[in-house]
Amino acid sequence: MTEKNITIVVTVYNKAAYIEDCLISILHQTNEKFEMIVVDDGSEDNSLQICKNIQSVYKNFTVFSQEHAGAWAARNLGIEKCSTDYLLFVDGDDILTPETVEKLNNIALFDKDLTVFGINYVLPGGKKVCSVDHKLECFNDREQIQKNLLRLWESGLMYSVCNKLLSMDIIRKNNIRFRNKDFGEDLTFVCEYTRYCNNILMLDECFYDYMQHNCNSLSKMYRNNMFEIRTTEHHELMNYFQNMDCIQQDTSEFLAKRFVERIVGCIENEISGDCNKKMRYKFSQVRKIISCQEVQQQIRTAKLSSRKMKVLVWFMRYRLSLSTFICGLSISAVKKFMPGFFVVLKMHR
């Protein structure tokens with residue numbers, strides 16, 4: 001191992017407009033005790049050249065490039081190249097706050113299996129629209145983790161790998177890698193990783209700025225199989241909670257609520273302007289989704305808190321396809337023309 005505790009792995013694919021800000025935010029940390037690895041996933045723009053230009057000036061990070069294979073493969077390459085005790089992932093269009101490494105290095109001295117910190121949602125231009133964080137809390141054994149697992153996932157901080165300090169010892173011993181998926185690979189990785197954690201530290205600070213760029217990121221693209229992806233993901237989470245011995249009434253209600261919220265996203269995905277299908281096709285897809293028996297079952301199990309969600313789900317529950325379709329159009333318009341407001345609505349659904 002090196003004298004440095006943390007390796008930061010930055011993955012890049014066609015991020016020429018943002019990668020410089022990302023790398024500079026890391027290189028200008030208040031503490032320099034870290035290594036940085038940049039993995040370019042076969043960018044078709046000049047992202048790789050920008051990385052190399054910055055490297056020629058700073059010289060204290062390594063750049064690797066591969067043929068385009070997906071974020072999962074780029075992150076796995078970063079894991080293979082990591083030589084420190086801890087690992088932190090950053091997407092190439094996001095920002096780390098200046099004191100991130102300094103504070104995480106101090107925490108690393110306490111040898112935690114997993115450290116989770118908060119996320120800022122930031123619009124282009126730097127306006128922070130909301131933050132997702134957690135009170136300072138440590139779960140020191142498996143029993144405490146199992147007892148509080150549902151609350152951890154309800155916080156909204158467990159889904160991404162980019163707001164977590166990960167132990168390379170756990171990753172190496174259990175051969176944990178990202179699966180060959182072009183969507184949802186974070187969730188699968190986190191589920192597998194946390195099965196081996198004996199302690200988890202939740203921080204009450206936000207270190208990661210998740211930039212809400214209006215770009216063709218994987219999370220914003222139209223997908224013709226989004227409903228299948230979300231259904232598979234729902235089953236994966238059900239199996240995860242069962243394997244963690246954490247299935248109870250509250251868990252079922254949480255999973256149902258989460259699934260229904262993602263189904264609303266599936267409806268927006270089908271109606272989105274990024275989908276070039278005819279209106280008749282889009283309407284038929286919405287009708288197919290809300291007629292699904294599993295969707296109807298989860299709607300009846302979910303306990304929704306947002307009034308807006310209750311109205312939309314009421315339309316879905318009674319299979320009112322036209323009303324659901326119109327609501328989906330409204331959501332798609334808000335997402336496109338008022339991204340800041342959309343993020344706030346999403347955080348309070």
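1. Is I247 buried, partly exposed or exposed? In this predicted model, the relative accessibility of I247 is 44%, and because this value falls between the 20% and 50% cut-offs, I247 counts as partly exposed. The residue sits in the loop between α8 (226–243) and α9 (249–271). When residues up to four places away in sequence are not counted, I247 touches M238, F241 and Q242.

2. Although I247 and L150 are 97 residues apart along the chain, their C-alpha atoms are separated by 9.2 Å. L150 belongs to helix α5, which spans residues 142–154. With a relative accessible area of 8%, L150 is buried, whereas I247 is partly exposed. A separation of another kind is found for L150 and M168, which are 18 residues apart in sequence and 25 Å apart in space, taken from C-alpha to C-alpha.

3. On the α5 side the contact is made by L150, W153 and E154, and on the α9 side by D250, T251 and F254. By class, the residues of this contact divide into three nonpolar, one polar and two charged.

4. Helix α9 also packs against α12, at an angle of about 75° and with the axes 11 Å apart. That angle makes α9 roughly perpendicular to α12. From α9, the residues V260, E261, I263, V264 and I267 meet M309, L312, V313 and M316 from α12. The residues of this contact divide into eight nonpolar, no polar and one charged.

5. What angle do helices α10 and α13 make where they pack? For α10 (residues 279–291) and α13 (residues 321–337) the angle is about 110°, and their axes are 10 Å apart. The two helices are therefore roughly perpendicular to each other, and α10 passes α13 in a right-handed crossing. The residues that α10 brings to this packing are M279, K282, F283, V286, R287 and I290, which meet S321, L322, T324 and F325 in α13. The contact has six nonpolar, two polar and two charged residues.

6. Two residues deserve a look at their backbone angles. Most residues other than glycine have a negative phi. D111, which is not a glycine, has a positive phi of about 55°, and this residue lies in the loop between α4 (100–108) and β6 (114–122). R319 is likewise a residue other than glycine with a positive phi, near 55°, and its place is in the loop between α12 (307–317) and α13. As to accessibility, D111 counts as exposed at 56%, while R319 is partly exposed with a relative accessible area of 43%.

7. Which backbone nitrogen does the side chain of D186 reach? It is that of V161, at 3.1 Å. D186 is found in helix α7, residues 185–194, and this aspartate is buried, because its relative accessible area is 14% and the cut-off for buried is under 20%.

8. A last point concerns helix α1, residues 19–27, whose buried residues are I19, C22, L23, S25, I26 and L27. The elements that cover these buried residues include the strands β1 (6–12), β2 (34–40), β4 (86–91) and β5 (95–96), together with the helix α2 (47–58).

Methods: Residues numbered from 1 in each chain as written. Predicted model: local features only at pLDDT ≥ 70, side-chain atom pairs only at ≥ 80, totals over all residues. Heavy atoms only, no water. Helix = DSSP H or I, 4+ residues; strand = E, 2+ residues; numbered from the N terminus. Buried < 20%, exposed > 50% of the residue type's maximum accessible area, 1.4 Å probe, protein only. Polar contact = N/O pair within 3.5 Å; in protein donor to acceptor, adjacent residues only side chain to side chain. Axes fitted to C-alpha atoms, helices over the stretch in contact; angles between N-to-C directions. Parallel < 35°, antiparallel > 145°, perpendicular 65-115°, else oblique. Left-handed = near helix turned anticlockwise from the far one by under 90°. Contact = heavy atoms within 4.5 Å. Nonpolar A, V, L, I, M, F, W, Y, C, P; charged D, E, K, R; others polar.
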